[in-house]
Amino acid sequence: MPDMAEPILAADGTPLKKKLGQALFRSRLSAFGLVVPLLAFVVVSFIVPIIALLWQGVYDKRFAVLMPNTSAALSDWSGVSEPTEEMYSALVADLVVARKEKTIGRVATRVNRELSGMRSLFTSTARKAAELEAPYKDALIAVQKTWGELETWQAMKIASRVYTPGYLLASLDFKLNADGSIVRQDENRRIHVKLFLRTLEISMVVTIACLLLGYPIAYLLASLPLRTSNLLLVLVLLPFWTSLLVRTTAWIAMLQSQGIMNDLFVAFGVTSDDDRFSLIYNKTGSLIAMTHILLPFMILPLFSVMKAIPPSYVRAAKSMGASDWTAFWRVYFPQSVAGIGAGVLLVFILAIGYYITPALVGGQDGQMISNIIDFHMRKSLNWNLAAAIGLVLLVIVLLLFWVYDRVVGIDNIKLG
Amino acid sequence: MPGIGHLAKPDKASRIRPVRLEVMEMGKREKEITMKRDSLILGVAATVLVAGAAQSGSITAVSWGGAYTFSQVEAFHKPWTEATGHVVVSEDYNGGLAEVKAQVEAGNVTWDIVDVEKSDAIRGCDEGLFEPIDTSILPAGADGTPAMDDFMDGSITECAIGVIVWSTIFAYDHSKIQDGPTTIGDFFDLEKFPGKRGMRKNPKATLELALAADGVAPDQVYEVLSTPEGVDRAFAKLDTIKDQVIWWEAGAQPPQLLADGEVAMTTAYNGRFFNAIAGEGKPFTIVWDAQIFDTDLWAIPVGAPNRDLAIDFLVFSTLTEQLAAQASYISYGPVRKSSLPLVGTYYTNPDLEVLEHLPTTEENFATAIENDYVFWADNQDELNERFNAWLAS
Amino acid sequence: MQKSYDGKSLVVKDLNLAIGRGEFLTLLGPSGSGKTTCLMMLAGFETATHGDIFLAGRPINNIPPHKRGIGMVFQNYALFPHMTVGENLSFPLEVRKLGKAEREEKVRTALDMVKMDGFEKRRPSQLSGGQQQRVALARALVFEPDLVLMDEPLGALDKQLREHMQFEIKHLHERLGITVVYVTHDQSEALTMSDRIAVFNDGVIQQLSNPDDLYERPENAFVAQFIGENNRLTGTVEQRNGKIVSIALDDGSKSKALAVNCGGQGSRTVLSIRPERVVLGWENESNTTLGEVLELTYLGDHIRYRMKVHGNPDFVLRLPNTSEHAKLTVGETAKISWNIDDCRALDI
């Protein structure tokens with residue numbers, strides 16, 4: 001062992017270790033320099049917007065900013081006692097400003113999410129707010145007696161929280177109360193957990209179907225001569241040349257009750273003309289169309305891994321006395337597991353976020369969680385809830401990824 | 001736009017040149033049209049001056065696509081371009097405020113004028129997404145009725161001006177069903193009329209229809225729906241046909257579903273069916289019982305790049321003549337009462353009087369339910385959730 | 001036996017070969033000569049287009065590979081990467097449904113045999129090339145097959161290791177008494193290990209004999225050229241006298257050679273003389289000549305001279321690097337000669 005007190009020196013007298021460090025640092029710096037543009041692009045165009053959007057799932061300052069006096073008054077309020085005159089006067093002051101600034105709609109929308117009916121209460125009261133006179137409690141109750149009700153104020157108290165678990169709770173079918181307690185959503189309004197489960201179910205079934213259909217194809221491709229396999233590979237890739245929408249609509253033509261498949265079933269006597277199969281606008285439709293669209297993502301990694309398995313392994317196994325099946329199952333299959341791992345992960349992750357296809361062919365029981373996210377983004381405009389559901393979905397995916405890593409091992413995955 | 005550039009240069013003389021051109025052509029036209037034109041030209045001249053926008057420009061008008069946008073292009077866009085030299089770029093959307101909200105909040109507004117449903121018009125106004133519109137710029141009707149009296153009740157709001165009255169109705173294919181349904185109750189009667197049903201994937205109108213089918217009188221629908229029991233009752237009625245329903249989202253879907261035989265009967269916007277019947281000769285019969293009518297309005301997003309032109313276009317397109325002309329292309333009711341006498345025949349079929357196909361015509365209107373936008377503004381979060389949960393279960 | 005892949009040309013044209021029990025037979029030939037195809041037909045991975053294969057007296061043409069009971073060592077070892085060394089060896093025993101104890105015993109013996117004991121738990125990727133080679137060997141032997149086929153098993157090893165393994169395989173063969181069919185394109189490997197060697201070219205066995213015969217008594221020009229270094233002198237047969245022929249070489253001079261594979265009077269022939277059989281000086285009577293030294297290469301134990309002899313500028317002479325030998329220099333003309341027995345007249 002070299003003496004620690006006397007480090008080995010390089011030719012110019014600096015310690016060798018330091019010299020090595022400098023050399024490595026320089027090469028690392030230049031390597032880093034090469035990825036900086038891409039890194040910056042990814043951060044600016046991908047990571048920052050995603051974080052900003054997901055942030056909305058737990059952060060909603062609308063009420064607190066637009067109704068500052070009311071928010072201050074509400075923060076001191078227990079949530080169960082009778083609302084005070086100060087609270088009413090703060091509310092009127094805020095309503096007057098909100099009416100003038102044309103922000104009342106946003107306030108009303110926010111509170112209406114907590115309690116139905118608040119929207120018209122806020123907008124109609126705001127129109128009269130400027131003419132109200134003290135004592136404001138009586139004045140407001142005179143306008144609408146709803147103002148005297150405790151739950152109106154409780155809804156406002158929930159809405160006034162800037163950092164709120166409310167949306168996350170809602171995305172798991174729970175509800176936040178004014179006193180901070182958490183209860184389950186009314187039974188007939190629980191939807192998200194059900195959809196999360198269904199999303200997982202559809203994704204798993206699609207993944208398994210892709211594996212069962214894709215494995216033999218990949219095996220065939222990998223064992224054929226290069227020329228033939230390249231030709232067949234083009235056929236596998238062919239669907240990528242047409243738009244996703246076109247492929248999905250093609251399935252509508254195929255599967256609808258007056259469609260090609262049902263016509264064939266009727267023609268071959270599988271079913272009668274007035275008892276055609278429901279193959280689309282339901283879960284079956286989602287499964288069929290998604291399996292078809294995602295199949296190449298299973299075949300490609302499988303193929304590239306299988307292509308790399310030398311045929312001598314199977315021959316070796318057979319020479320040792322293994323039957324065709326044993327040679328496949330004990331020798332070939334375990335070596336294709338890396339491709340299965342990659343394909344399964346790829347298809348599952350893609351499937352879990354699928355939305356156009358289920359939207360078009362899923363009907364009512366083929367909808368997935370992404371369709372609800374889409375609904376809240378485009379229809380109900382509840383972006384906070386959309387963000388919260390997205391956050392939960394992200395956490396679920398990461399969790400599955402972690403489990404997958406523990407079971408299969410991420411380093412066991414090969415894309416080729 | 002080289003073809004029209006010379007017509008509308010930003011100087012004083014060119015501002016009136018299109019008017020002169022029109023006047024020179026007048027002699028060639030029939031008298032009736034000339035009269036229409038005349039008032040039109042005056043209107044245009046007035047609004048051009050009021051708006052003070054004479055630059056040759058273009059606006060982006062956003063609407064629902066399909067036959068509806070076509071009717072607007074024919075009745076609004078083309079005449080406006082002819083009269084002012086400005087171009088209208090037409091874009092389609094599927095309703096809702098999402099895009100407007102995204103554009104306004106991002107500070108990058110590309111739409112100038114949007115055709116919105118009434119509930120969205122009110123909500124967008126409350127949330128500061130739409131510009132308030134000074135109603136005094138609306139000219140009187142062709143018959144001289146002041147604008148405020150000429151427009152139907154509720155079709156002028158703070159931020160949006162009404163264009164049409166449309167309604168959600170249902171229809172069936174009379175070549176496949178003899179002695180077809182006549183009431184909304186029949187729509188929910190699977191025994192009498194077996195087969196799939198098409199309905200819009202939205203609680204709006206769907207819940208109302210369910211209650212009407214369950215025997216609630218048109219004027220009490222919202223009263224009932226305001227109570228938890230009423231909501232339960234509506235869903236219970238929907239439960240009876242749930243297995244047979246195919247849910248549509250885009251307005252173009254239901255006529256297609258019906259034509260393909262995918263459904264025995266389906267709800268739709270009345271104009272879509274009218275076009276399938278009048279334009280494509282489809283054997284559809286519309287059932288007007290318990291029609292749910294609503295208004296579509298023009299609204300201008302805050303920060304629209306060509307705001308002044310958009311206002312000019314809005315005023316032009318809601319003139320008595322323009323609204324009446326639109327009805328020749330699609331059977332939606334004009335919001336100006338003064339337009340009704342001017343409503344003509346269908347544009348490809350001079351024998352087809354459009355008037356009797358309008359939702360606002362008396363015999364169609366007997367059991368009509370007006371969409372209550374206040375109810376929906378208050379309850380849509382909760383009912384959407386419940387509807388989605390109900391669909392998913 | 002014949003084999004064709006495309007139905008137009010034969011890869012293996014005429015194979016007629018009997019292998020004795022306990023024999024070490026090598027199929028030697030350049031790549032594309034059909035030797036691997038022969039091996040694959042033996043193993044059952046290729047079917048013979050025409051002809052029969054018998055193993056211990058029974059036809060095996062229609063027996064699938066896994067029922068033939070033939071052990072095989074592959075060029076790249078084909079050790080299963082997802083199994084440990086122990087599992088690799090255990091595999092052929094498992095598919096034969098042997099009990100656990102028996103399997104472990106046999107695996108241990110086999111590893112012992114190739115001096116790889118203690119490596120059971122390792123993965124193939126954790127072994128060196130030589131170690132993998134030993135494991136592959138052990139795996140082919142562990143189920144005690146009658147016949148072991150080896151397809152260039154040492155091809156991936158460096159020279160020193162290769163030579164070492166050659167002896168180990170040879171010793172294993174001797175100790176176990178198994179029959180081995182060995183494929184290689186490396187002639188020195190073939191010479192070192194085999195009882196008999198079949199030299200392949202163009203789908204035909206050119207010569208089948210033991211190593212010393214093959215080297216010293218090649219029967220045709222291909223074998224002479226393929227095995228070891230060889231000097232070629234071309235000429236025409238002048239007269240045939242029993243086993244001896246007189247040849248008129250192309251430069252006009254005369255020579256005598258052993259008639260091995262040449263025609264009668266007037267036919268063209270190639271004389272084959274091994275470099276180490278040429279001697280300095282005119283001690284032999286019949287074949288003496290002069291050679292001009294063009295190049296010399298120092299090879300340690302011997303020195304290689306390239307000379308111009310009878311007009312052939314690639315005539316090689318190999319002299320042991322001993323003290324009594326005189327050294328030649330470039331440009332010098334030297335007297336050289338060879339024995340008639342060492343000069344073989346072959347086909348051209």
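The following exercises, each with a worked solution, concern a predicted model.

In this predicted model, local features need pLDDT of at least 70, side-chain atom pairs count only at pLDDT 80 or more, and totals for chains, interfaces and linings use all residues. Residues are numbered from 1 along each chain as its sequence is written, while chains are lettered from A and ligands numbered from 1 in the order in which they are written.

**Exercise 1.** Describe the contact between chain A and chain B.

Solution. Two residues are in contact if their C-beta atoms, placed from the backbone, lie within 7 Å. Chain A contributes 33 residues and chain B 27 residues. On the side of chain A that touches chain B, the largest share, 7 residues, comes from H5(A). Helices here are DSSP runs (H or I, at least four residues), numbered from the N terminus. This side of chain A divides into 8 nonpolar, 16 polar and 9 charged residues. Nonpolar means Ala, Val, Leu, Ile, Met, Phe, Trp, Tyr, Cys and Pro; charged means Asp, Glu, Lys and Arg; the others, Gly among them, are polar.

**Exercise 2.** Determine whether B:Asn388 is buried or exposed, and locate its surroundings.

Solution. First, B:Asn388 is placed in helix H17 (residues 373-392) of chain B. Next, a residue is buried if 20 or more other C-beta atoms lie within 10 Å of its own, exposed if 12 or fewer, and partly exposed in between, with C-beta atoms placed from the backbone. B:Asn388 counts as buried because it has 24 C-beta neighbours inside 10 Å. Finally, not counting residues up to four places away in sequence, B:Asn388 touches A:Ile191 and A:Ile372.

Terms used. Helices (H or I, at least four residues) and strands (E, at least two) are DSSP runs, numbered from the N terminus.
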